[in-house]
Amino acid sequence: MQKTFTEFSTNAILKIGDEELLEPYKTSKQPELYTFIRTTNSRAEIVVDSMPYTIEPHSVLALTVVQYFQFILGKDLVVYQFNREFYCIKDHDQEVSCAGLLFFGNVHIPIIELNEKENRKLHILHEVFLDELETEDTIQAEMLRMLMARFIIISTRLLKSKEGFIETVKNSKIDLLREFNMLVESYFKTDHSVSFYADKLFKSPKTLSNNFAKLNTSPLQIIHERIILEAKRLLIYTDKTAKEIAYEVGFEDASHLSRLFKKHTSLSPSDFKKQLKKT
């Protein structure tokens, strides 16, 4: 089952369906569409950036356009896919507060386990989605965007509550983390210093460090983890050399990336690439 909404004036695309929507991803590739997958009564198995995941029944996960995704198995899934033209995560962040948390956060792949009440709420919303897709009038596009905003808001609230953010830290700290994550996503290939991001946020590096310490992370750790993730993606999914990859993620000297990569993985980029060929 697959239904597609398109808006020719803006090139907006929204796809709603089941596991059939994921068949093109039997081999690993970047989705090019923001993707939500909700499991119902059975589990699903996927691979994201070469890491395998088993998604338990009654769960939701979010994927960005930059992650390499492979669908292994799953049935009776609910899948939503949309492009930036349909709903821009960054432009609408003031409404839904998901950027840097649900999408492009420091959690590699956010998975939200649903209780019975939460599952029922998303099931009802899905039925409204399907009904609206059948209602072709002048406000259909806006209605669909409103429904997607509602789904994103619910998912973001649930992620915050499941991670304990609401109970353990003030919202201002979460907002700071979200803003920092989004800045890192935009600039990690060119700027690696905490002071650069602190200036962008009108904070001191010490203030960032103190705030993130309460979330069991640090600004520098988030920057380095994003660089390493990108280097791994390029090593796994492209034929670029370690030197080319180092330059792409902002290192003029490949040895600087090599040291950082080895610190995080215990392997040099070249050894990591060789290990991939053996598996």
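Strands E1 and E2 (residues 12-17) run antiparallel and are joined by six bridges. Within this pair, Gln2 stands opposite Gly17 of E2. The model is a predicted one. The loop between E1 and E2 holds Asn11. Phi of Asn11 is near 65 degrees, a positive value in a residue other than glycine. Asn11 has a relative accessible area of 55% and is therefore exposed, the cut-off being over 50%.

E1 and E2 belong to an open sheet of six strands. The order is E1-E2-E8-E3-E6-E9, and the pairing is antiparallel. Strand E1 (2-7) and strand E9 (111-113) stand at the edges. Each has a single partner strand, so one side of each is left without a neighbour in the sheet. On average, neighbouring strands of this sheet are turned by 10 degrees against each other, direction ignored.

Helix H2 lies across the sheet strands E1, E2, E3 (34-38), E6 (59-63), E8 (78-82) and E9. Its direction is at about 125 degrees to E2.

H2 (116-133) also contributes to a pocket lining. Along with helix H3 (140-162), H2 supplies at least two residues of the lining of the second largest pocket. H3 gives the most, with five residues. The space in this pocket is about 210 Å³. Its lining consists of Asn115, Lys117, Glu118, Lys121, Leu122, Arg150, Ile153, Ile154, Arg157 and Leu158. By class, five of the lining residues are charged, four are nonpolar and one is polar.

Two further residues were examined, one in a loop and one in a helix. Phe202 lies in the loop between helix H6 (194-200) and helix H7 (205-213). Phi of Phe202 is near 60 degrees, again a positive value in a residue other than glycine. Phe202 counts as exposed because its relative accessibility, 77%, is over 50%.

Glu230 is found in helix H8 (residues 219-237). With a relative accessible area of 11%, Glu230 falls under the 20% cut-off and is therefore buried. Leaving aside neighbours within four places in sequence, Glu230 is in contact with Phe188, Lys189 and Val249. Glu230 and Leu125 are 105 residues apart in sequence. In space, the C-alpha atoms of Glu230 and Leu125 are 35 Å apart.

Note on methods. Residues numbered from 1 in each chain as written. Predicted model: local features only at pLDDT ≥ 70, side-chain atom pairs only at ≥ 80, totals over all residues. Heavy atoms only, no water. 1 Å grid on protein atoms, 1.4 Å probe; cavity = no way out; pocket = protein on both sides within 12 Å on 5 of 7 lines; lining within 4 Å. Points joined across faces, edges and corners; volume = space filled by probe spheres on them. Helix = DSSP H or I, 4+ residues; strand = E, 2+ residues; numbered from the N terminus. Nonpolar A, V, L, I, M, F, W, Y, C, P; charged D, E, K, R; others polar. Buried < 20%, exposed > 50% of the residue type's maximum accessible area, 1.4 Å probe, protein only. Contact = heavy atoms within 4.5 Å. Pairing = 2+ DSSP bridges. Axes fitted to C-alpha atoms, helices over the stretch in contact; angles between N-to-C directions.
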